[in-house]
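Colleague: Before I rely on the labels attached to this model, could you take me through what stands behind them?

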Amino acid sequence: MRLALPSGTRRFGSLHIAEEARVLELDTRPGNGKETEGDRGGSSQSATRGARTMCFSGQSLDRVLTEMVIVVPCKNEELSVIRGVISAIPAPCLVILVSNCRGREDGDDQYKKQVEMVKAFGGFGRQILAIHQKDVAAAAAFRDSGMSELIDPTDGTIRHGKGEGLLLGVALAAALCPERRYIGFVDADNFNAGSVNEYCKAFAAGFAMSPHPELEDTMVRLRWASKPKIRNGRLDFVTEGRCSKVVNSWLNRLLAPSPESRNGSCKMHPEGEPNKSFVTTGNAGEHAMTMNLALKLRMAAGYAIEPFHFIDLLEMGQVLQRNGGNNPCMKTNGPGLDGTTRGSTANRPVRVFQVRTLSPHLHRSSDDEHIRRMWAAGLGSIFHGLAPYHSLLRADLGRVSEVRQHIRDYAATHGGIDDATGELPSPTIYPALEGIDMQKFRARLAQSSSLKSFGLAGMNNLLKLV
Ligand code: GDD
Ligand code: MG
C-alpha cells in the first residue's frame, strides 16, 4: 500500500493530530520493483511530485493485521451483507461480531442465523467471535466488574447503541484475546465488501506510520473517498457526508481556529460549505486504535462515540484539565487489567492519523431525521464535554466559550435542541474500560449463552479456566 503522508501535524499537549494522509495505491512494488532495504517486510519513504509518500509491503501490513481485532457492530442487516464484510476482512485479523439484532419474540431468530453464517467461516481458518448485545451474562459481567453505567435499568441488559456495542467488543477483545495490540471498527452495513479490505489495510498502514510505536498510542480514523448517492437518476460521488460536514466544521473551530476566530470574530459555519480542512474524520465510523488506548478512552453512547474521542483525547493529552487534573469521571473501583485501579495508569502520548481511502463507501442510506439526531448527539457530546473548560483560553485552541456558544446557536437554528431539556442532547459518557475487574468480567462472561467462538481452539478452555 502506498500513501501520501500528512503534510503537517498539530500538537496539543501530548496529543498529536496529523493532517489527512491519502491512500495512493492499494498494492505497490516499493522502489519500482527493486527491493530496497526498507521494503523487506518493512516500509520505504520517497518524495513523488512534491508529496512525500510511504510504501508498506504486504508483509509489513500483515505483521500489524496479525495483531489486530476487527469489531463489526450489526443489527438486522441482510446476512449476505454481513457475510460480505467478514469475507473482506484480512484473514490474519480476529473478528468480533457484536449483534444487536431483534430478539426471538417474532419467531424469527435472526441471531441464530448470524451465528450459522459466522460458523461457516470457522472451517477456513478465520478466527471469529460472536456475541449478542442483549446477552444477560454479558450485562452481568459488566455489572459485576464495575461498569454498571452500561446497563439499561429497564431490562437489566446492556443499553442499545452503536457506542455500547463497540464497548462490548473492546471488553471482549481485552478479556479473550489480550495478546492482540490493535482494535478496529467496521460497520456491518457495507454493500461494497472490497472497501472493507482497504479499510483494514489502511488501519494497518496508519499503525505502521507511528514513529514511536513502543512509546505512544495511535488512533487511525478513515475518511472515505466518497459516499455515492443517487440524485436525479445519476450517481453523485459526495465527498463529505451530511453529518460529517456539520461535526467536522465545529471540531475545526476548536482544533484549527482561523486567525479571525482567535481574535473573537468567529462567524458561524455557512451551511453546505465543503470542509477541506484539518479535521476531516469527526464522525469516522471506521476507526482503529491501539488496545491500550481503547481501554483508557472514555467513550460516548450511540453515534456520539466518534466525535467525543477528540474531547477525551484532549483531556488525556492534559490540554483540557478538569478540576486541575482530577477527572471526576474516573472512578477507582477494584483492580484493572494490569492490577492497577481505574484512572491510575499514566497516559502515553497519542498520535491520531486521518487517512483518506481510495474506495467509496456504500451503505444503507439514512433519512434526514436520523442524520439530524446523529450530528446533534455528536455536537452535544462536544458542547457538554467542553462545559468544564468554558473560560479556557489557549493559543492552540479556539476560544472554548465562543465555540460552545456558536455550536448552541447552530443547533438552535437547525433543530438540534432537545425539546425536553431545552439543550443539546447530552449523550452518556462511559468510564474507561481499564478500570473494570477483568477476572470478574471473564468469569461472568463464561456463562454467556450467545457468545460463540469459531476457529479459536483455546477459547473455550480460556473461558472454562476462570
Ligand atoms: N451492535 C450494535 N448495536 N450495532 C449497532 C447499533 C447497536 O445498538 N446501532 C447501530 N449499529 C450498527 C449498524 O448495524 C451498522 O452496522 C453500524 O452500527 C452503523 O450504524 P448505521 O445506523 O448504519 O449508522 P450510519 O450509517 O447512520 O452512521 C455511520 O456513519 C457515521 C459517519 O457518517 C456510523 O458509523 C456512525 O457511527 C458514523 O458517525
Ligand atoms: Mg450506515
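What follows is a conversation about those labels and the cut-offs behind them.

Modeller: This is a predicted model, in which local features need pLDDT of at least 70 and side-chain atom pairs count only at pLDDT 80 or more, while totals for chains, interfaces and linings use all residues. Residues are numbered from 1 along each chain as its sequence is written, chains are lettered from A and ligands numbered from 1 in the order in which they are written, and side-chain values use heavy atoms, with hydrogens and water left out.

Colleague: What makes Asp189 and His363 count as coordinating the magnesium ion (ligand 2)?

Modeller: Donors are N, O and S atoms within 2.8 Å of the metal (3.2 Å for Na, K and Ca), and Asp189 (OD) and His363 (ND1) lie at 2.2 to 2.3 Å from the magnesium ion. Water is not among the atoms, so the site may look incomplete. Aspartate 189 sits in the loop between strand S9 (182-185) and helix H6 (193-209), and histidine 363 in the loop between strand S15 (350-356) and helix H11 (368-385), so the pair ties together parts that are 174 residues apart in sequence. Helices (H or I, at least four residues) and strands (E, at least two) are DSSP runs, numbered from the N terminus.

Colleague: Why is aspartate 189 called buried, and why is isoleucine 230 called exposed?

Modeller: Buried means under 20% relative accessible area, exposed over 50%, and partly exposed in between (1.4 Å probe, protein chains only). Aspartate 189 has 7%, so it is buried, whereas isoleucine 230, with 69%, is therefore exposed. Isoleucine 230 belongs to strand S11 (residues 227-231).

Colleague: What is alanine 51 called, then?

Modeller: Alanine 51 counts as partly exposed, because its relative accessibility is 30%; its place is in strand S5 (residues 51-56). Alanine 51 is 45 residues from proline 6 in sequence, and their C-alpha atoms are 8.8 Å apart.

Colleague: What makes a set of residues a nonpolar core?

Modeller: Such a core consists of buried Ala, Val, Leu, Ile, Met, Phe, Trp, Tyr and Cys residues joined through side-chain atoms within 4.5 Å. The largest one has 89 residues, of which Phe142, Ile183, Leu255, Trp375 and Leu379 touch the most other members. Its largest share, 10 residues, comes from helix H5 (residues 162-176). A second, separate core of 50 residues includes Leu65, Ile82, Ala130 and Met209.
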